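Dear colleague,

I am handing over the structure below, and after it you will find notes on what turned up when I went through it. Please read them alongside the coordinates.

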Amino acid sequence: MTAKTLALAPQNNPTPWWRELYQKEDWWSIWIGLGLLALAVLLFVAGGSLKWIAVAPAKWHALPDLGQQLLANLPRYFALFVLLGVLFSIALKTLGIATRQFLPAFALIFSAATLIFALGQWDQADHYNLEPPLVALALGLLITNTLKLPEWFGAGLRVEFYVKVGIVLLGATLPFTLIIWAGPVAIGQAAIVSLSTFFTIFTVGKRLGLDRRFAATLGAGGAVCGVSGSIAIAGAVGAKKEEASISITLVIFWAIIFIFALPLIARALQLPTGVAGAWIGTSEFADAAGFAAAQTYAGYAGHIPGISGHGEAAINAYTLMKVIGRDVWIGIWALVLSIIATTRWTSDTGIEGQAGTGEIWRRFPKFVLGFLLASITVTLIARGYSYADYSKQVVPQLVTPVKNLRTWAFILSFFSIGLTTRLAELTRASARPFYAFSAGVVVNVILGFILSTQVFVGFWTALGQ
Amino acid sequence: MNAKLSGATQIRCADCRYFDNTPRALEAAVPGLRVMGSAYSSVRSGDGLCSRHERYLSGEHRCALFESTPLT
């Protein structure tokens, strides 16, 4: 580097912290999720409810019934589309995604999501295994792998954004007392599995001759939070571009398989809902993929003989395990690995790292704050009611409408997963990283199963009672 | 806590002309990133792609081949 170059270099001014409040989708998911919750609470306190606009298809038997109810509620569906369309457009426009591309794509995705949601309400849906998450995913996969979708359509496929909004809204349906009660067990179980999975992938990867930075990127993808884990650690340790890509591809490959496989195996074993949710939360790789699997299993509750516990327990256990047990620790993983990469992994690239504790907050998945705030808000409101009054007033007027909005956000996300997954691209990973990652998958699934169904089985079963 | 090697330069990659951390560019360059993740998420922090080294780096990395972004 020449002295002249140095003189031209701009001042090293870090981006002000407050810019993240509108430059990251995590914060937008908080503004939108908590904004909708605040609206629901205000209406509830004023004696009303958000339920008119938080519409959801009712159970139906024959197609004319469905047509009739959809037609009768058309203004409500349209109002919901406008509400979500406007909120998402503002957020994505600020992030740099053109509204003229997003809105038409969102209109098509929302229309499809309406039909998928309605299909799940068919009284024969269980008989044919037409769970909305699986239908959304399968339909999306079919469309994107057989048709050539226009470029602009991609603007509406924001898997992670939709699922984060859904998670913030989910906080309103998950009592904070439950998070306090079950959080430590979730963290303990997740820590055992995360560390075992990471060291398996890292060790096997190294023995197969992979660079340590690559092995760490693969390990974080399998152990912490899937695609987010891979991309965060790739940046922290300075992995090669194609190593980040391969790691992400492997996460998606296994995550897609597990969306279908984990609920089916749990169903065959008739696991209680809380136990299945904990297993999925321990062993799935990406948030959105895990929610698809947990939501599918939640749909079995009360319909499939032999499966005990209420449906929400599968989602609650999954959320505790994945979000509280695994996702929130990504900053610490990044800090530790960047220090190791900087001080111990020599490199001939000439690139030097610098790690500080600020890394923990910078990489913290901020949407979790919205999830916790939503949980605290509704828990405080519920404290003023007896159980009978809570069930009679708070649930139908406040909790159920928020839960419906959550379901919409998740279906939008599941459908978007299918529409963004090109199966041909998932076969591009070479053999050595595939073997290393798959070794971790085996450890992850078996250990997660043993901890959920044997060691902590009483705990997770009680969650569903 | 602060781990740091003796630096060839004190100027971070975030200010280098070869460094691109715009979300749109990342999602285009890393296939699959938006399938179950996102370039707009907090966990990515300010990481970006270095076209000189073909690596995915934190903006806080440093390198002797640093070149400033053109002044506009």
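In chain B, three strands make up an open sheet in the order S2-S3-S4, with antiparallel pairing, where two strands count as paired if DSSP finds at least two bridges between them, and where helices (H or I, at least four residues) and strands (E, at least two) are DSSP runs numbered from the N terminus. The edge strands are S2 (19-20) and S4 of chain B, each of which pairs on one side only. Between S2(B) and strand S3 (residues 48-50) of chain B there are two bridges, and these strands run antiparallel; B:Asp20 has B:Leu49 as its bridge partner in S3(B).

Before going further, please note that this is a predicted model, in which local features need pLDDT of at least 70 and side-chain atom pairs count only at pLDDT 80 or more, while totals for chains, interfaces and linings use all residues. Residues are numbered from 1 along each chain as its sequence is written, chains are lettered from A and ligands numbered from 1 in the order in which they are written, and side-chain values use heavy atoms, with hydrogens and water left out.

Turning to the interface, 49 residues of chain B are in contact with 67 residues of chain A (contact means heavy atoms within 4.5 Å). The two chains bury about 5200 Å² between them, 56% of it on carbon and sulfur atoms, buried area being the accessible area (1.4 Å probe) that two parts lose on being put together, summed over both. On the side of chain B, B:Met36, B:Tyr40 and B:Val43 lose the most area to chain A, together 17% of what that side buries.

Three salt bridges are counted between chain B and chain A, a salt bridge being a side-chain nitrogen of Lys or Arg within 4 Å of a carboxyl oxygen of Asp or Glu. A salt bridge joins the side chains of B:Asp47 and A:Arg363, at 2.8 Å from N to O. Strand S1 (2-4), helix H1 (23-29), strand S4 (55-57) and strand S5 (62-63) of chain B each supply at least two residues of the side that touches chain A.

Strand pairing also crosses between the chains: two bridges join strand S1 (residues 351-352) of chain A to S5(B), and the two run antiparallel. Here B:Arg62 in S5(B) is the bridge partner of A:Glu352.

With best regards
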